[in-house]
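Me: Could you take a close look at one part of this model with me? I'd like to start from a single pairing and then see the surroundings described in one go.

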Amino acid sequence: MVAAWVVIVVLIAFTGLYVAAEFAAVSARRSRLRRLAEDGTALAARLLPVLEDPRALDRYIAASQVGITLCSLILGAYGQATLAPRLMPLLDNLGWLQPATVESASVAIVLIFLTTLAVILGELVPKSLALQNPTRTALFTVLPMQWSIRAFSWSITLLNGSGVLLLRALRLPSTGHRHVHSPEEIALLIAESRDGGLLEPQEQVRLHRALRLGLRSARQLMVPRSRLAGIDASLPFEEVLRAVAVSPYSRLPVYQASIDNIVGILHTKDVVMRYVRAGGLSVAALMRPIVRVPDTMAADRLLTFLRERRSHQALVVDVSGSIVGLFTLEDVVAELLGGVADEFKSVHARPIRLSDGRLRLPGSMRLDQAAPLVGSAWRSGDGTVGDRIVAALGRVPEAGEEIDVDGLHVEVEAVEGGAVVSVIVGDRPGHDENGNS
């Protein structure tokens, strides 16, 4: 009797080994195994080629499935042959069953008991352990699995071949076992990782934004043309130097006649270097070329486009070729991280006169400082520009919202953390004082 139970325990253990190996193989991270192999872990070096080759991984999984099936069949047959005869006298002594049905009842009881035991100890528990520690489990089972592949090679070839022929007959593709996930599945994995405590909420938000980056177009992420601050190509070097000194930006578009005709980009570093060398040049001599992209280009493709051309910004044009805005790498970072503070755009933010005549003011600017620029309406006010906007509305405004404050037309440009970051004061060209075209 003891020997019979030892055999049953061994068969259940082998079933658990194959189940754990199967789940660990499809869950283990190849990047982790690659690092272990590079560090000299022999088992990782054995397993990595299997996971990187879809056909080898297919045979690996097939070996585990053959092993599970064989162990289950042997367990049922052996249990029926050894335990059922010992159970029959007990059932017969109870007197509840007819002698003709005692044998069938004992066989059924043994099979149900062994099946339940095999499912719990041989499948559910090993599966949970493998999913919780896929790398460790995969390394622990790789040697027995390689031995099993050699032992079952003939049956693996026969069964895999039969499966492929059946799929072809049904006109279905045979994709094998590969580590491929759709964006929706990745989003689900991210959410589950956060629920399991592996990701912080902000990390989940950033990863979701990265997944959605391909759905965002250049027009959705760009800075609109009406908000661009540029430099006229005809400005003398001294005025260019002053404009660069008060600008919070390291790169400024260069235009001829109007902002609709941008001809290049000016790096403030180039201006400073020219000044240090005690030489003055025109803007045209200092500016660099700037690439153009359609406003419908996806953000992820645009990111690759800029990286290939070693550029940090691009002009965004519509179907007619007209400039509609400027796209920068900072726009992508802001999309992923929800806005990034900059030492020049926050603490040292300054008012900027836009090309259309309107004035961009930082929300942190004091009203008495803004009054000389916008008129006497704010001269006697206390607090900051952002405080005045919030007080006029009675709430925190939204980005893009336009209101009239003390007779001034104000467009809220950016809001972060419940605070007004910047506003644009003045009517747009082509609009009257009532906002009509």
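In which sense, parallel or antiparallel, do S2 and strand S3 (residues 251-256) pair, and over how many bridges?

Reply: Happy to, keeping in mind that this is a predicted model. S2 and S3 run in the parallel sense, and two bridges join them. Within this pairing, Ile231 has Val254 of S3 opposite it. Both strands belong to an open sheet of three strands, ordered S2-S3-S4, in which the pairing is mixed. The edges are taken by strand S2 (231-232) and strand S4 (258-267); each has a single partner strand, so one side of each lacks a neighbour in the sheet.

Other strands are worth a visit too. Strand S7 (residues 323-328) is mostly covered, with six of its six residues buried. S7 pairs with strand S1 (residues 223-224) in the antiparallel sense over two bridges, and Val223 stands opposite Leu326 in S7. Strand S6 (residues 313-317) also pairs with S7 in the antiparallel sense, over five bridges, and there Val316 faces Gly325 across the pairing. S6 and S7 make a hairpin with five residues between them. In its turn, Gly321 has a positive phi of about 90°.

Leu302 sits in helix H15 (residues 299-308) and is buried, with a relative accessible area of 0%. Its contact Ala218 is 84 residues away in sequence, yet the two C-alpha atoms are 7.4 Å apart in space.

Helix H7 (residues 134-151) has 18 residues and spans 24 Å from first to last C-alpha, close to the expected 26 Å. H7 bends by about 45° at Val142, with Pro144 following within four residues; both Val142 and Pro144 are among the buried residues of H7. Elsewhere, helix H4 (residues 54-82) and helix H5 (residues 84-94) pack at about 45° with axes 4 Å apart, which makes H4 oblique to H5. Here Gly79, Gln80, Ala81 and Thr82 of H4 meet Ala84, Pro85 and Arg86 of H5.

Definitions and conventions:
Residues are numbered from 1 along each chain as its sequence is written. This is a predicted model: local features need pLDDT of at least 70, side-chain atom pairs count only at pLDDT 80 or more; totals for chains, interfaces and linings use all residues. Side-chain values use heavy atoms; hydrogens and water are left out. The expected span of a helix is 1.5 Å times one less than its number of residues. The bend at a residue is the angle between axes fitted to the seven residues ending there and the seven starting there. Buried means under 20% relative accessible area, exposed over 50%, partly exposed in between (1.4 Å probe, protein chains only). Two strands pair if DSSP finds at least two bridges between them. Axes are lines fitted to C-alpha atoms, for helices over the stretch in contact, and angles run from 0 to 180 degrees between N-to-C directions. Angles under 35 degrees count as roughly parallel, over 145 as roughly antiparallel, 65 to 115 as roughly perpendicular and the rest as oblique. Contact means heavy atoms within 4.5 Å.
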